[in-house]
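Reader: I have a structure open and would like to learn how to read it. Could we go through it one feature at a time?

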Amino acid sequence: MKRRDFLAASAVAGVATVCGARRAAADQAGGGNGMPKLTPPEKPAELNLCLQWGAIPGGEIKEKLDFLEANGFTAVEIPSGDWPIKNCDALIEAMKGRKLFLATACGPSDFSYAEPEKREAEVQKFLPVLEALGKMKSVGLIICPARGKLSEPGRLSAKELRKDFVENTGKRLAEHAHKHGTSIVLEPLRRNETPFLRQVADGARIAADIGPGATVMGDFWHMGLEETSFMGAFICGGKLLTHVHIAGLKERIIPGVHRDADNYVDGFKGLKLIGYRGAVSFEGGWPKNPEDPKKGLPQEERIRLIRNMVTLLREQWAMA
């Protein structure tokens, strides 16, 4: 038995302890075997497939949204930075009458600077972004509290960063987001990308400590290295889980290229158990052009791969 399979089998039994939030009640009627009772979700989970803006074929906003609707997507993920501010009104107008919702805005962030002025600058640049996202009724802004190595000069220690993010930078952003009807969405990364936040359970704990306006997400690519169970990780996120990224598990490219490796059923089971109704958004690259590795794939091949991904994910969602 593989390590992941062994640990996944025991993930649900120990999920209350792993999450560190609240212990599920033991099933006394079943002989006191310690298996937790998971409260059934109020509404059944939904698979809302989503693409990041740069991966959507088309040029103009309307053309991209038309593609999403025509190909089985129900959500869209946009860039961060100035994009939401500059395109706010145009996107709101283009979204009218569509069965699409705006998931998250995704862009770089880092709150680990030792200099208070640099952390303050990071906060200030995101305040107007959050206002625009609130106006667009977006789920939230993806935030990575730290990137690189905290051991580098000019960085806070992990303990200092957590305290400052929970009590200051992250809390202020979350409060501003909540005020405008949106949220900050904490993203756990891989160990080679950050030393601070690497598991969904930790992100959920930080979000809970911050309070309203703070949520967490999971990314199958990052989770493949950092989590022992996709299902257990998503259960730990619970109601605080508001977004999911997905990519191939062998390579960080569009799912379905390595079909034998791209198995998301365990994770989808976890999403179903918590009644997840947010977006599952593709974040990754594309396979190399077999005819010329230096050139990107032609548009028609990307569209074929997108449709292949949709079919694969819907099949696995049904299996979960």
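Predicted model: local features only at pLDDT ≥ 70, side-chain atom pairs only at ≥ 80, totals over all residues.

Author: Residues are numbered from 1 along each chain as its sequence is written, and side-chain values use heavy atoms, with hydrogens and water left out.

Reader: At roughly what angle do the axes of helix 6 and helix 7 cross?

Author: Helices (H or I, at least four residues) are DSSP runs, numbered from the N terminus. Axes are lines fitted to C-alpha atoms over the stretch in contact, with angles from 0 to 180 degrees between N-to-C directions. Here helix 6 (residues 158-179) and helix 7 (residues 200-210) have axes that come within 9 Å and cross at roughly 65 degrees. That makes the two helices roughly perpendicular, a word used for 65 to 115 degrees.

Reader: Which residues of helix 7 meet helix 6?

Author: Contact means heavy atoms within 4.5 Å. D202, R205, I206, D209 and I210 in helix 7 meet residues of helix 6 including F165 and V166.

Reader: Is I206 buried or exposed?

Author: Buried means under 20% relative accessible area, exposed over 50%, partly exposed in between (1.4 Å probe, protein chains only). I206 has 0%, so I206 is buried.

Reader: How many disulfides are there?

Author: A disulfide is a pair of cysteine sulfur atoms within 2.5 Å. The count is 0. The sulfur of C144 has its closest cysteine sulfur in C106, 7.1 Å away, too far for a bond. C144 is also buried, at 1%.

Note on methods
Parallel < 35°, antiparallel > 145°, perpendicular 65-115°, else oblique.
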